[in-house]
Amino acid sequence: MEKYQHYINGKWVDSVVKGESIIVYDPATEEAVGEISCAVKDDVDLAVESAKKSYESRILVDMPPMERANLMRKIADELRKVSKEGGKILCLENGKLLPAAEFEFVDAANYFDYYSGLTDKIEGRTIPVNSQVMDYTIYEPYGVSAHIVPWNYPISMLARSLSCAFAAGNSTVVKTAELTPLSTASAFAKAIDNAGVPAGLINIICGYGSGAGNDLTAHKDVSQVSFTGSVKTGKAILHAAAERAIPAVVELGGKSAAVVMPDADLDKVVNAAKGAIFGQAGQICSAMSRVIAHKSIKNELVGKLANLATSLKVGHGSEDGTELTPVISEDQLQKIENFSRSGQQAGASVAAGGNRVDRKGYYFEATVFDDVQPEMTIAQEEIFGPVLSVLEFNDQDEAVDIANGTEFGLAAGVFTKDVNQATKMASQLNGGQIYVNSWFTGSVATPFGGYKQSGYSREKGQEAIKSYLQLKNIGIQL
Ligand code: NAD
């Protein structure tokens with residue numbers, strides 16, 4: 001079995017404590033696919049020390065913006081070069097479709113390209129105070145920026161925050177998710193190394209959240225944290241950041257709803273559902289996990305969604321034609337089974353699926369629940385599996401109430417041919433992103449983040465860069 005290591009101070013290294021390692025499994029076969037060193041506190045200390053030293057050397061801070069941009073474009077080129085080898089590893093450790101795994105490296109490259117364009121646009125302003133004072137502002141990086149990443153999009157989510165922090169001039173320490181660390185420690189780190197990133201600017205460690213994750217967030221030399229993951233962990237990170245009074249970007253979970261109006265093109269809804277709740281086995285933060293359909297079209301829509309769910313080809317992510325991939329782990333599979341059971345016990349009816357698939361691997365059937373009531377657990381909690389809850393509404397206000405009636409606010413959508421209705425609803429729905437007649441219309445350039453418990457701050461787009469910069473005001477007595 002191949003062994004993987006941390007990437008600290010420009011070198012691949014084992015953990016300080018010999019023998020500390022994590023075995024990573026293919027969720028489709030339940031077989032081990034790699035072993036990686038597991039960081040403990042000493043390793044976290046080394047990674048942070050390396051980032052701190054590189055920050056204090058000012059190698060990135062003083063690098064002319066255009067040079068920093070060139071370096072970032074080199075990283076992007078290298079990421080594209082490793083997309084095939086990295087994609088293969090990511091497909092095995094995560095279970096996702098091979099093309100989607102390869103695309104994560106291309107997506108990562110797009111983030112580095114996009115933020116390379118902002119390095120020379122980090123501008124302050126002058127402020128009129130009086131004729132004897134010249135007052136101006138400048139933006140500066142925080143110093144050591146920590147990045148804690150989830151397993152569902154390990155490369156895309158990492159690049160999303162890392163590229164932005166790097167463009168702003170921070171040195172960084174990345175903690176990968178323990179379930180999917182291999183592609184980051186190998187192909188991603190290789191791209192960083194091949195691009196000639198000076199040692200210490202980007203350090204990558206693997207370890208458990210309760211160990212290395214905790215130690216990293218609590219480290220006295222970390223000055224800013226970026227976290228993408230569950231609400232529960234996000235709150236723990238916010239507590240840890242508050243303890244040290246440092247800023248944190250938190251991108252958390254969701255229970256996003258699509259409102260389907262009577263005039264909607266139902267095939268568009270079905271088409272969106274294919275990627276947005278059954279793609280990636282539903283393990284998507286902004287998954288379209290609820291459909292709120294007008295009573296006049298609900299039965300027809302449920303029929304179409306159930307046909308879609310039962311038609312999906314189950315298989316390994318690397319096999320041509322596979323449409324439904326496994327969920328990440330036995331634990332996750334059991335959670336989904338429990339949700340499914342709770343839905344049925346609460347009175348929802350199963351229009352398709354509802355059970356684990358009878359084969360090796362952590363597969364759950366593409367599932368459509370009909371007759372779901374807003375207060376049911378399956379309508380309130382993030383299931384993070386291929387499970388869609390369909391609810392019914394009579395009028396538009398009721399639809400908005402149901403859509404907004406959870407603790408989350410990551411995404412929401414509306415399907416209608418009426419542009420007035422669409423814009424009205426877009427302003428009424430609680431969510432950081434609203435999709436009309438589609439799902440996932442964004443790009444690296446569109447700001448992304450949550451309302452309510454789905455988090456705050458924004459990643460992606462021009463808005464995100466401010467999260468990695470602090471503002472300094474300078475007044476000169478003339
Ligand atoms: P998770 O919260 O369990 O873990 C995320 C990361 O946090 C992992 O690297 C883990 O090791 C680490 N961690 C766990 N406990 C920690 C602690 N106490 N201190 C520091 N680090 C700790 O989430 P997950 O299961 O990996 O990911 C799924 C969740 O992520 C879902 O809720 C999903 O909606 C969310 N997510 C959100 C976005 C977004 O942009 N809003 C994107 C992707 C995933």
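Is Asp77 buried, exposed or partly exposed? At a relative accessibility of 41%, Asp77 is partly exposed, where buried means under 20% relative accessible area, exposed means over 50% and partly exposed lies in between, with a 1.4 Å probe and protein chains only. The structure is a predicted model, in which local features need pLDDT of at least 70 and side-chain atom pairs count only at pLDDT 80 or more, while totals for chains, interfaces and linings use all residues. Residues are numbered from 1 along each chain as its sequence is written, and side-chain values use heavy atoms, with hydrogens and water left out.

**Salt bridges**

A search of the whole structure finds 23 salt bridges, each being a side-chain nitrogen of Lys or Arg within 4 Å of a carboxyl oxygen of Asp or Glu.

| Pair | N to O distance | Relative accessibility |
|---|---|---|
| Glu35 and Lys3 | 3.9 Å | Glu35 17%, Lys3 61% |
| Arg80 and Asp77 | 3.7 Å | Arg80 31%, Asp77 41% |
| Glu330 and Arg356 | 2.7 Å | Glu330 26%, Arg356 31% |

The salt bridge between Glu35 and Lys3 links distant parts of the chain, with Glu35 in strand β5 (residues 32–37) and Lys3 in strand β1 (residues 3–4), 32 residues apart. Helices (H or I, at least four residues) and strands (E, at least two) are DSSP runs, numbered from the N terminus. Within this pair Glu35 is buried, whereas Lys3 is exposed.

Arg80 and Asp77 lie three residues apart in helix α2 (residues 65–81), and are therefore separated by about one helical turn. An α-helix has 3.6 residues a turn, so residues three or four places apart point the same way.

The side chains of Glu330 and Arg356 also meet in a salt bridge, and this pair again links distant parts of the chain, since Glu330 belongs to helix α11 (residues 330–346) and Arg356 to the loop between β15 (349–352) and β16 (367–370), 26 residues apart. Glu330 is partly exposed, and Arg356 is partly exposed as well. Elsewhere, salt bridges that share partners join Lys52, Glu56, Lys220 and Asp221 into one network.

**Strands β4 and β5**

β4 pairs with β5 in the antiparallel sense over five bridges, pairing being assigned if DSSP finds at least two bridges between two strands. Val24 stands opposite Gly34 in β5. The two strands β4 and β5 form a hairpin with six residues between them, and Glu30 in the turn has a positive phi of about 65 degrees.

**Helix α5**

Helix α5 (residues 154–167) has 14 residues and reaches 20 Å from its first C-alpha to its last, close to the 20 Å expected at 1.5 Å a residue, the expected span being 1.5 Å times one less than the number of residues. Because 14 of the 14 residues of α5 are buried, the helix is largely enclosed by the rest of the structure. After α5 comes Gly169, which has a positive phi near 100 degrees.

**Ligand**

An oxygen atom of the ligand is 2.9 Å from an N or O atom in the side chain of Trp151. Among backbone atoms, a polar atom of Gly209 is 3.3 Å from an oxygen atom of the ligand, and an N or O atom of Gly229 lies 3.3 Å from an oxygen atom of the ligand.

Technical notes. Polar contact = N/O pair within 3.5 Å; in protein donor to acceptor, adjacent residues only side chain to side chain.
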